[in-house]
Amino acid sequence: MAIAALDLGRRRIGVAVTDAASMGAHPVGIVERRALKHDLNAIAAMLRDRHVSTIVVGLPLNMDGSEGPAAISARKFAAHLADALDVTVEMFDERLTSFEARDRLSDMEAKKGARKRGIDALAAVVILESWTQANPDKIPHPRS
């Protein structure tokens, strides 16, 4: 079983998944946000054949650790996601993931629009990598 991660933005949702052995994370793509139903359907379609058991949703906490409107919105989205996709959904502190994603992309050549979309997907990778490092006991391992 794979694990997915989402980086929720106002305009786009970055999506990443673990590989078949749950050893690494890679970007799957982005969802251009329109409406809740559209967003959930697009995520479901993107993950349909990947056998995802858990989705990690980035929780945008304030720098002092408190929750503001963005964190409340992320929690609501996560609840809808759990219902719609019938999977386990976990929240994970995403502070500074976009900065790390920007840093990783800084040496790559890309047009401005492609770079912005790349940041969203790569931020989801950073969330997933951080979650797997913090939760090694929750990572499904393939049967030998």
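The expected span of a helix is 1.5 Å times one less than its number of residues. Helices (H or I, at least four residues) and strands (E, at least two) are DSSP runs, numbered from the N terminus.

The model is predicted: local features need pLDDT of at least 70, side-chain atom pairs count only at pLDDT 80 or more, and totals for chains, interfaces and linings use all residues. Residues are numbered from 1 along each chain as its sequence is written, and side-chain values use heavy atoms, with hydrogens and water left out.

**Exercise 1. Chain overview**

State how many helices and strands the protein chain has, and give their pattern along the sequence.

Solution. Step one: the protein chain has four helices and five strands. Step two: read along the sequence, the pattern is β-β-β-α-β-α-β-α-α. Step three concerns burial, where buried means under 20% relative accessible area, exposed over 50%, and partly exposed in between (1.4 Å probe, protein chains only). Of the 144 residues of the protein chain, 40% count as buried. Step four concerns contacts, meaning heavy atoms within 4.5 Å. Of the contacts in the protein chain with a separation of 6 or more, 62% are accounted for by residues 24 or more positions apart.

**Exercise 2. Helix α1**

Compare the reach of α1 with its expected value, then locate its buried residues.

Solution. Step one: α1 has 12 residues, and at 1.5 Å a residue 16 Å is expected. From first C-alpha to last, α1 reaches 17 Å, which is close to that value. Step two: D39, L40, I43 and L47 of α1 are buried. Step three: these residues cover an arc of only 95° around the axis (taken from the directions from the helix axis to the C-beta atoms), so they sit on the same side of α1. Step four: the cover over the buried residues of α1 includes β1, β2, β3 (25-32), β4 and α2.

**Exercise 3. Helix α2**

Check the span of α2, then separate its buried side from its exposed face.

Solution. Step one: α2 covers residues 69-85, and its 17 residues should span 24 Å at 1.5 Å a residue. The end C-alpha atoms of α2 are 24 Å apart, which agrees. Step two: A71, A74, F77, A78, L81 and L85 are buried in α2. Step three: seen down the axis of α2, the buried residues fall within an arc of 120°, so they line one face of the helix. An α-helix has 3.6 residues a turn, so residues three or four places apart point the same way. Step four: P69, K76 and D83 are exposed, on the face of α2 turned away from its buried side. Step five: the buried residues of α2 pack against β1 (2-8), β2 (12-18), α1 (36-47), β4 (52-59) and β5 (88-93).

**Exercise 4. The α1 and α2 pair**

Describe how α1 and α2 pack, and name the residues that make the contact.

Solution. Step one: α1 and α2 pack at an angle of about 55°, with axes 10 Å apart. Axes are lines fitted to C-alpha atoms, for helices over the stretch in contact, and angles run from 0 to 180 degrees between N-to-C directions. Step two: angles under 35 degrees count as roughly parallel, over 145 as roughly antiparallel, 65 to 115 as roughly perpendicular and the rest as oblique. The two helices α1 and α2 are therefore oblique to each other. Step three: L36, D39, L40, I43 and A44 of α1 make the contact with F77, H80, L81, A84 and L85 of α2.

**Exercise 5. Positive phi**

Which phi values do H51 and D86 have, and where do these residues lie?

Solution. Step one: most residues other than glycine have a negative phi. Step two: phi of H51 is positive, near 55°. H51 is in the loop between α1 and β4 and is exposed at 55%. Step three: phi of D86 is positive, near 55°. D86 lies in the loop between α2 and β5 and counts as exposed at 70% relative accessibility.
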